[in-house]
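Please keep the sequence and the 3D view open while going through the points below.

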Amino acid sequence: MSNVVFVLNGPNLNLLGFREPTIYGNDTLDDIAGMLEDRARDLGLEIDMRQSNHEGHLVDWLHEAHFAQAKAVLLNAAAYTHTSVAILDAIKSIKVPVIEVHISDPVMREPFRHISYVEMGAVATVKGMGARGYVVALEKAAAL
Ligand code: DQA
């Protein structure tokens, strides 16, 4: 197993900092990457952070995490969380543990956000903690 943690981000998360700040806050994805890099250094881990607006990229990257023998995947699949059986199947197809991350708490929002396909395959979920939730998820990954 390597010390690399993949951090995979789904659609519209490239617009963090600008996108609905009352829900998602003011931190950009680059700010989150910086926080993760700082914490990862202390934990002896490496971060491989990616974002895509395309479902298949997330599936491909989950497979890549498997072949790279990553320590864990932190996955914020964004809206695909609530729709994607393909992402759930990918999570179930690999040995690498996946930790689900959400900036907001989808269960406190519209009913269509209450189902999470990612949760059905993930070893843990961190939600509703804002951008800091990514760091909390990294600490959980370090403890696996
Ligand atoms: C999100 C929550 C999802 O419901 C939403 O579609 C997102 C972001 C979050 O981080 O809070 O795009 O995953």
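With which residue does arginine 50 form a salt bridge, and how far apart are the closest N and O atoms? The partner is aspartate 48, and the closest N and O atoms are 3.0 Å apart. A salt bridge here is a side-chain nitrogen of Lys or Arg within 4 Å of a carboxyl oxygen of Asp or Glu.

The model is predicted, so local features need pLDDT of at least 70 and side-chain atom pairs count only at pLDDT 80 or more, while totals for chains, interfaces and linings use all residues. Residues are numbered from 1 along each chain as its sequence is written, and side-chain values use heavy atoms, with hydrogens and water left out.

**Salt bridges**

- Side chains of opposite charge can pair when their charged atoms come close.
- The salt-bridge rule gives a count of 8.
- Arginine 39 and glutamate 139 are joined by a salt bridge between their side chains, at 2.6 Å from N to O.
- This pair ties together parts that are 100 residues apart in sequence, because arginine 39 lies in helix H2 (residues 29-43) and glutamate 139 in helix H5 (residues 132-142). Helices are DSSP runs of H or I with at least four residues, strands are runs of E with at least two, and both are numbered from the N terminus.
- Arginine 39 is partly exposed at a relative accessible area of 25%, and glutamate 139 is partly exposed at 33%. Buried means under 20% relative accessible area, exposed means over 50%, and partly exposed is in between, for a 1.4 Å probe and protein chains only.
- Arg39, Asp42 and Glu139 are linked in a network of salt bridges.
- In the pair of the opening question, arginine 50 counts as buried at 16% relative accessibility, whereas aspartate 48 counts as partly exposed at 23%.
- Glutamate 110 and arginine 113 form another salt bridge, with 2.7 Å between the closest N and O atoms. Glutamate 110 is partly exposed at 31%, and arginine 113 is buried at 16%.

**Glutamate 64**

- Glutamate 64 belongs to helix H3 (residues 55-67) and is partly exposed, with a relative accessible area of 35%.
- Apart from neighbours within four places in sequence, glutamate 64 is in contact with Phe6 and Arg50. Contact means heavy atoms within 4.5 Å.
- The side chains of glutamate 64 and arginine 50 are joined by a polar contact of 2.9 Å. A polar contact is a pair of N or O atoms within 3.5 Å; within protein, one must be able to donate a hydrogen and the other to accept it, and residues adjacent in sequence count only if both atoms are side-chain atoms.
- From C-alpha to C-alpha, glutamate 64 and isoleucine 94 are 9.6 Å apart in space, and they are 30 residues apart in sequence.

**Asparagine 76**

- Asparagine 76 is part of strand S3 (residues 72-76), and it is buried at a relative accessible area of 3%.
- Its side chain reaches the backbone nitrogen of alanine 78 at 3.0 Å.
- The side chain of asparagine 76 also makes a polar contact of 3.2 Å with the side chain of tyrosine 134.
- Not counting residues up to four places away in sequence, asparagine 76 touches several residues, including Leu8, Val101 and Tyr134.

**The loop between S3 and H4**

- Alanine 78 is in the loop between S3 and helix H4 (85-93). Alanine 78 is not a glycine, yet it has a positive phi of about 50°.
- Alanine 78 is buried, with a relative accessible area of 12%.
- Threonine 81 lies in the loop between S3 and H4 and is buried at 1%.
- A polar atom of the threonine 81 side chain lies 2.6 Å from the backbone oxygen of alanine 78.
- Beyond four places in sequence, threonine 81 touches residues that include Glu100, His102 and Tyr117.

**Glutamate 20**

- Glutamate 20 has a positive phi of about 30° although it is not a glycine.
- Glutamate 20 sits in the loop between strand S1 (4-9) and helix H1 (21-24), and it counts as partly exposed at 42% relative accessibility.
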